[in-house]
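I opened my notebook for a friendly look around one protein chain. Here is what I looked up, entry by entry.

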Amino acid sequence: MPAFPSAVRVAGFARDRRDLAVTGFQQLLEEVDERGGQALADFHRLAAALVRPRAASWAELWSGTVEAETERTRRQLAAIADGDPAHLGQAAVVRTTPRPGPRAFGMCGRLRTWTPLG
């Protein structure tokens, strides 16, 4: 058995998720037409309950990526506002290689991640 599902299978799974999402959205619109804002509130409650077990891992991922970059950007903007260009001298060119395995399917298309070399 291959280490990764075939691209054809993964693409099929992505299309199935898309189709289920569209169908679910249509059902939600019908519920909102019938029950108003309470239908949306119920949907939000169920959605939050569904993903709650993943919140801690998402927070950890965010903390090591987006939060760290946000803080770095904040410091750079403060330096620019103070007239300090020192961070501009820290720029670098980095060679990378694609991580092994098939590209993932994301919300906006196919995703490829890269690993810096040496």
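**Entry: alanine 41**

I started with alanine 41, which sits in helix α2. I took helices as DSSP runs of H or I with at least four residues and strands as runs of E with at least two, numbered from the N terminus. Alanine 41 counts as partly exposed because its relative accessibility is 38%. My cut-offs were these: buried is under 20% relative accessible area, exposed is over 50%, and partly exposed is in between, with a 1.4 Å probe and protein chains only. I also looked up how alanine 41 stands to alanine 59: they are 18 residues apart in sequence and 24 Å apart in space, C-alpha to C-alpha.

**Entry: what I am working with**

I noted that this is a predicted model, in which local features need pLDDT of at least 70 and side-chain atom pairs count only at pLDDT 80 or more, while totals for chains, interfaces and linings use all residues. Residues are numbered from 1 along each chain as its sequence is written, and side-chain values use heavy atoms, with hydrogens and water left out.

**Entry: helix α1**

Next I looked at α1, which has 29 residues. From its first C-alpha to its last, α1 reaches 41 Å, close to the 42 Å expected at 1.5 Å a residue. The expected span is 1.5 Å times one less than the number of residues in the helix.

Which residues of α1 are buried? I found Val10, Ala11, Gly12, Ala14 and Leu28. These buried residues pack against α2 and β2 (104–106). Just after α1, I came to glycine 36, which takes a positive phi of about 70°.

**Entry: the second largest pocket**

I then turned to the second largest pocket, with a volume of about 260 Å³. On a 1 Å grid over the protein atoms alone, a pocket is an open set of points where a 1.4 Å probe fits, with protein on both sides within 12 Å along at least five of seven lines; lining residues have an atom within 4 Å of a point. Grid points are joined across faces, edges and corners, and the volume is the space filled by probe spheres set on the points.

Which helices each supply at least two residues of this lining? They are α1 (7–35) and α2 (37–51). Among the lining residues I wrote down Gln27, Leu28, Glu31, Arg35 and Phe43. The lining of this pocket divides into 6 nonpolar, 2 polar and 2 charged residues. For that sorting, Ala, Val, Leu, Ile, Met, Phe, Trp, Tyr, Cys and Pro count as nonpolar, Asp, Glu, Lys and Arg as charged, and the others, Gly among them, as polar.

Side chains of opposite charge can pair when their charged atoms come close. I counted a salt bridge when a side-chain nitrogen of Lys or Arg is within 4 Å of a carboxyl oxygen of Asp or Glu. By this rule I got 7 salt bridges.

An α-helix has 3.6 residues a turn, so residues three or four places apart point the same way. Arginine 72 is partly exposed, as its relative accessible area is 38%, and glutamate 69 is partly exposed at 39%.

Arginine 74 forms a salt bridge with glutamate 71, and here the closest N and O atoms are 2.6 Å apart. Arginine 74 and glutamate 71 are also 3 residues apart in α4. Arginine 74 is partly exposed, with a relative accessible area of 47%, and glutamate 71 counts as partly exposed at 32%.

Salt bridges that share partners join Glu31, Arg35, Asp42 and Arg45 into one network. In the bridge between arginine 35 and aspartate 42, N to O is 3.0 Å. Is aspartate 42 buried or exposed? It is buried, because its relative accessible area is 18%. Arginine 35 counts as partly exposed at 40%.

**Entry: after α4**

Just after α4, glycine 83 takes a positive phi of about 80°. My last stop was histidine 87, in the loop between α4 and β1 (96–98). Histidine 87 counts as buried because its relative accessibility is 16%. Leaving aside neighbours within four places in sequence, histidine 87 is in contact (heavy atoms within 4.5 Å) with Gln76, Ala79 and Ile80.
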